[in-house]
Amino acid sequence: MKKSTSMALAVTTALMLAVPLVGCGRTSAPAASSGGSAASMETTDSVQTQQGAAAESTQAVEAVSDDPQSQASVASDLDYVKGKGTLVVGITDFEPMDYKDESGEWIGFDADMAKAFAESLGVSVEFVEIDWDNKVLELDGKTIDCVWNGMTLTPEVTGSMECSRAYCNNAQVIVAPADKSDNFQEKSDLSEYNFAVEAGSAGEQQAISLELPHTPVKAQSDALMEVAAGTSDAAIIDSLMAAAMVGEGTGYADLTYTIGLNDEEYGVGFRKGSDLAAALNDFFTASYQDGSMLEIAEQYGVQAAIVEQ
């Protein structure tokens, strides 16, 4: 692009120089002496030389414009990922979407779908835990290639990332100690309590919009720990996580979730302008139609939340 711009400027400059000289030649009175004739001839020669240079510059610009490499001024993100052979996925510990099994391998609905998408591209997948509040910086710095972690499609997210279509329904819910759940049944009763929320999350946005006292923490799992430890009265987290991680038979049997605060959808985020988003949309369509998306969803109990593709 820089080379094409420079050549275009050269063409413009040459033509600007040529036009005034041609005009002078046409309006000058006939020379009265041989010296005047020589000057006129020199002027004509100069014009012809400059016009020739302008033509050559134009041809050079056209040649560069026809070069496929010059046309690809912005590198394809899809080609970038295929070239390095790895799709790097930014995540947090978020059951049932992304979490580790007993062997330390990342599993979950999002993790398994990311593995399948990477396989469809012919590359491997790498999961990197990120600070959720810095997800856009991680993307733009190319330490990760996408954010695939039950991410709510808020205006802030869609304005700063190239996002896929929605693939999963969700809501923000209140999680509180089971023996105090009666205190958290109406939005109007929440303002006297302090809520743990993941920094930069949709849960934090709900706390802000409802003007609720809140404490930002690194991850939603940390918000649950705050409530279990009694350092926060309650937490605002994703309904899918609440269903998987609190209540009878979970590690937080003494916690429960009460009211929902909103309705929202999950999507996957890429660098702004990335062609990987379109590639993922195609993958979502194919995996929904062949049943593999619902099959993976059933393994993690989220099949009812899947958005038709």
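Start by selecting Asn149, which sits in strand β5; keep in mind as you look that this is a predicted model. Is Asn149 buried or exposed? With a relative accessible area of 2%, Asn149 counts as buried, because anything under 20% does.

Now show what surrounds Asn149. Leaving aside residues up to four places away in sequence, Asn149 touches Gly90, Ile91, Thr92, Phe94, Asp98, Asp110 and Trp132. Zoom in on Thr92: its side chain and that of Asn149 make a polar contact at 2.5 Å.

Next, colour the whole of β5 (146-152) and turn to the largest pocket. Which element gives the largest share of that pocket's lining? That's β5, with 4 residues. Elements that each supply at least two lining residues also include α6 (135-140), α7 (155-160) and α8 (202-209). The largest pocket holds about 300 Å³ of space. To find its centre, select Trp132, Lys135, Val157, Gly200 and Ser201, the closest of the 25 lining residues. Colour the lining by type and you'll get 8 nonpolar, 11 polar and 6 charged residues.

Last stop: helix α9, residues 220-229. Pick out Gln220, Ser221, Ala223, Leu224 and Val227, which are buried. Look down the axis of α9: these buried residues fall within an arc of 155°, so they line one face of the helix. Their packing partners are β8 (172-177), β9 (195-198), β10 (214-217), β11 (234-238), α10 (239-245) and β12 (255-260).

Terms used. Residues numbered from 1 in each chain as written. Predicted model: local features only at pLDDT ≥ 70, side-chain atom pairs only at ≥ 80, totals over all residues. Heavy atoms only, no water. 1 Å grid on protein atoms, 1.4 Å probe; cavity = no way out; pocket = protein on both sides within 12 Å on 5 of 7 lines; lining within 4 Å. Points joined across faces, edges and corners; volume = space filled by probe spheres on them. Nonpolar A, V, L, I, M, F, W, Y, C, P; charged D, E, K, R; others polar. Buried < 20%, exposed > 50% of the residue type's maximum accessible area, 1.4 Å probe, protein only. Polar contact = N/O pair within 3.5 Å; in protein donor to acceptor, adjacent residues only side chain to side chain. Contact = heavy atoms within 4.5 Å. Arc of directions from axis to C-beta.
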